[in-house]
Amino acid sequence: MKTIFNTFINSQKKIIALAPMAGISDAPYRGICSAFGADVTYTEMVSALGMKYNPERCEDIRMRSPNETICAMQLFGDNPSVMAKIAKEYCEPYDFIDINMGCPAPKITKNNQGSALMKNPQLAADIVKAMTDAIDKPVTVKIRSGWDANSINAVEFAKKLEEAGAACIAVHGRHRSQFYSGKADLAIIKQVKDELKVPVLGNGDIFCADDAAAMIAKTGCDGVMVARGAQGNPFIFEQINDLLNGRKPREYTEEERKAVILKHAEALSEIYGEKMMALKMRKHLCWYSKGHKGVSALKQKAIKVSDYNDIVEFCKML
Ligand SMILES: Cc1cc2nc3c(=O)[nH]c(=O)nc-3n(C[C@H](O)[C@H](O)[C@H](O)COP(=O)(O)O)c2cc1C
C-alpha cells in the first residue's frame with residue numbers, strides 16, 4: 001500500500017510535489033507541472049460532504065492529465081464515516097487520498113474542518129483510521145504547525161496520525177493564525193521529520209530551487225511541496241530537480257514560456273471549452289506576467305482575455 005512513497009525513499013529520490021491549490025490545481029495545470037517534473041500532484045481540496053450531496057461536482061475533479069504520474073485527491077471534512085465513504089467511492093482514478101488539515105479559511109474552520117482539526121487530534125486520527133480502513137490506497141495528511149502560536153502541536157499531532165495509518169505527512173510550517181503571513185518555520189518541519197517513520201514533505205515559501213534545497217538541508221524532509229512558487233512558474237519543478245541532481249538550473253527563454261502558456265490554454269480549452277478557459281487563464285496570465293517589463297499593461301490585458309486569440313495577443317506582448 002505504501003509503495004508509492006517507498007519507491008522514492010528506496011531510490012533516495014526526493015519527492016517534488018505540486019501542492020493542492022483551490023481554484024488552481026485542475027487537471028490541465030497539474031499536467032503542465034508534471035511535464036516539468038512534479039512527481040506528485042494534488043487536486044484542489046474537495047468537500048466530502050459536498051461530494052455526497054453534489055456528486056456532479058466530481059466530474060471536474062475526477063479528470064486527470066495524461067502527464068500526471070502520481071496524483072492525489074484532497075478531501076476535507078470532519079465526519080469520519082462520510083470521509084471514508086467518499087474516499088471509497090471516489091478513490092479511482094487517484095493514487096492516494098490526502099486529507100486537508102491545514103486550511104485556515106473561517107468558512108472551513110468554523111465547521112471544525114481544515115486546520116481546526118489540529119485542535120481535535122482524536123477526531124483527526126479517527127478520520128485517518130476510518131479512511132485507511134475503507135480503502136487500499138494510501139491516505140496522507142497535510143497539516144500546519146498548529147492552530148496558533150500558543151498551541152504548536154505538529155509533532156504530537158503528526159505522530160497520532162501516523163499511528164492511525166497516515167502514509168505521509170506534509171507540513172506547512174505556519175500555524176493557522178498566520179494564514180500566509182510571516183515565514184514558514186522550518187524547525188517544526190524538522191521536528192516532525194525526526195519523529196516520524198513515514199515520509200514527511202516540507203511546505204512553505206519555496207519560490208526557487210535554492211529554497212527547495214534549503215528546505216531539504218534544514219529539515220531532512222523526504223520531499224518538498226510547492227504552491228505559490230509554481231504559480232505562473234511550472235518551470236520551478238525542473239529547476240528543483242536539476243539543482244538536487246547537481247545540475248545548474250536553467251532559465252527558460254521567452255519562446256519556451258510563450259509555448260507553455262499556449263499549451264496551458266489549449267489543455268484548459270479541451271476540458272472546459274474556450275470561454276471558461278479564458279476566464280481560468282486570466283489569473284494564470286497575471287502570474288505568467290511576473291518579472292516581465294510592462295507588467296501592469298500585461299495584467300490589464302490578462303484580466304480581459306476572453307478567447308484563445310486574446311491569449312495569442314497576450315503572448316505577443318511578452
Ligand atoms: C490560492 C491557494 C489555494 C490553496 N488551496 C489549498 C487547498 O485546496 N488545500 C490545501 O491543503 N492547501 C491549499 N493551499 C495552501 C498551499 O497548499 C500551501 O500549503 C501554502 O500556500 C504554503 O505553501 P507555499 O509557500 O509554497 O505557497 C492554498 C494556497 C493558495 C495560495
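Strand β4 (residues 96-101) and strand β5 run parallel and are joined by 5 bridges, where strands count as paired if DSSP finds at least two bridges between them. The model is predicted, and local features need pLDDT of at least 70, side-chain atom pairs count only at pLDDT 80 or more, while totals for chains, interfaces and linings use all residues. Residues are numbered from 1 along each chain as its sequence is written.

**Strands around β5**
- Together with helix α8 (residues 154-164), β5 and β6 make a right-handed β-α-β unit.

**Domains**
- The chain is divided into domain 1 (3-244) and domain 2 (254-317), with bounds from an automatic or database domain assignment.
- In domain 1, 8 residues are in contact with 10 residues of domain 2, contact being C-beta atoms, placed from the backbone, within 7 Å.
- The side of domain 1 that touches domain 2 comprises 5 nonpolar, 3 polar and no charged residues.
- The C-alpha centres of domain 1 and domain 2 lie 28 Å apart.

**Ligand surroundings**
- The ligand is surrounded by 21 residues, of which A19, P20, M45, A227 and R228 are the closest, a residue being near if its C-beta atom, placed from the backbone, lies within 6 Å.
- By class, this shell has 10 nonpolar, 7 polar and 4 charged residues.

Definitions and conventions:
Ala, Val, Leu, Ile, Met, Phe, Trp, Tyr, Cys and Pro count as nonpolar, Asp, Glu, Lys and Arg as charged, and the others, Gly among them, as polar. Two residues are in contact if their C-beta atoms, placed from the backbone, lie within 7 Å. Helices (H or I, at least four residues) and strands (E, at least two) are DSSP runs, numbered from the N terminus. A crossover is right-handed if, with the strands pointing away from the viewer, the path from the first strand over the helix to the second runs clockwise.
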